[in-house]
Amino acid sequence: MLRDGFDSILWLVVGLVFIGFAVAALVFAAMAREDAYRAAEKQTKKFWLILLGINLLLNLLLPMLFLQIAGLIAAIVFMVDVRPALREVSGGGGRRGGSSSDGPYGPYNGGR
């Protein structure tokens, strides 16, 4: 009986993680500019919004492990391949401002 409760909680946590990841991927896809998708030579923004939106709906409405894993793969592809490419062409990658000699509290002068 205790095992059944643990299994239920485990599947609930797994489902919530899948849903959270799907939401994050969908939000990042929606925030990127349309022209960034073309510049990064990736599928269109509309394609990713539809794919990730269907993923989220299936996770919410039909919590079947096969569909959740397929949607998770799509979200992972977006997060590890498409999103970094979009950030690169949009100028959002790397450090924001400052020089390479800046430390956590400002510029490093080398003790001068």
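Aspartate 81 is partly exposed, at 37% relative accessible area. Here, buried means under 20% relative accessible area, exposed over 50%, and partly exposed in between (1.4 Å probe, protein chains only). The model is predicted, and local features need pLDDT of at least 70, side-chain atom pairs pLDDT 80 or more, while totals for chains, interfaces and linings use all residues. Residues are numbered from 1 along each chain as its sequence is written, and side-chain values use heavy atoms, with hydrogens and water left out.

Aspartate 81 pairs with lysine 42 in a salt bridge, at 3.1 Å from N to O. This pair links distant parts of the chain: aspartate 81 sits in helix H4, lysine 42 in the loop between H2 and helix H3 (45-61), and 39 residues separate them. Lysine 42 is likewise partly exposed, with 27% relative accessibility. A salt bridge is taken as a side-chain nitrogen of Lys or Arg within 4 Å of a carboxyl oxygen of Asp or Glu. By this rule there are three salt bridges.

Another salt bridge joins aspartate 35 to arginine 33, with 3.0 Å between the closest N and O atoms. Both partners are partly exposed: aspartate 35 has 35% relative accessibility, and arginine 33 has 44%. Glutamate 34 and arginine 38 also meet through their side chains in a salt bridge, at 3.6 Å from N to O. These two residues lie four residues apart in helix H2 (residues 34-39), so about one helical turn separates glutamate 34 from arginine 38. Glutamate 34 is partly exposed at 32% relative accessible area. Arginine 38 is exposed, at 55%.

The protein chain as a whole contains four helices and two strands. Helices (H or I, at least four residues) and strands (E, at least two) are DSSP runs, numbered from the N terminus. Their order from the N terminus is α-α-α-α-β-β. Of the 112 residues in the protein chain, 24% are buried. Accessible areas follow the Shrake-Rupley method with a 1.4 Å probe; for residues, only the protein chains shown count as cover.

Helix H3 has 17 residues, which should span 24 Å at 1.5 Å a residue; the end C-alpha atoms are 24 Å apart, in agreement. The expected span is 1.5 Å times one less than the number of residues. The buried residues of H3 are Lys45, Trp48, Leu52, Gly53, Asn55, Leu56 and Asn59. They cover an arc of only 155 degrees around the axis, so they lie on the same side of H3. The arc is that of the directions from the helix axis to the C-beta atoms. On the face of H3 turned away from this buried side are the exposed residues Lys46 and Leu61.

Helix H4 also holds glutamine 68. Glutamine 68 is buried, with a relative accessible area of 6%. Apart from residues up to four places away in sequence, glutamine 68 touches Gly15, Phe18, Asn59 and Pro63. Asn59 is one of the buried residues of H3. The C-alpha atoms of glutamine 68 and leucine 58 are 7.4 Å apart, across 10 residues of chain.

A nonpolar patch lies on the surface. Trp11, Leu65, Ile69, Ile73 and Val77 form this patch, and together they have about 450 Å² of accessible area. Patch residues have over 30% relative accessible area and no salt bridge; like charges are joined within 9 Å, nonpolar side chains (Val, Leu, Ile, Met, Phe, Trp, Tyr) within 5 Å. Helix H4 (residues 65-90) contributes the most, with four residues. Isoleucine 69 belongs to helix H4. Its relative accessible area is 38%, so isoleucine 69 counts as partly exposed.

How values were computed: Contact means heavy atoms within 4.5 Å.
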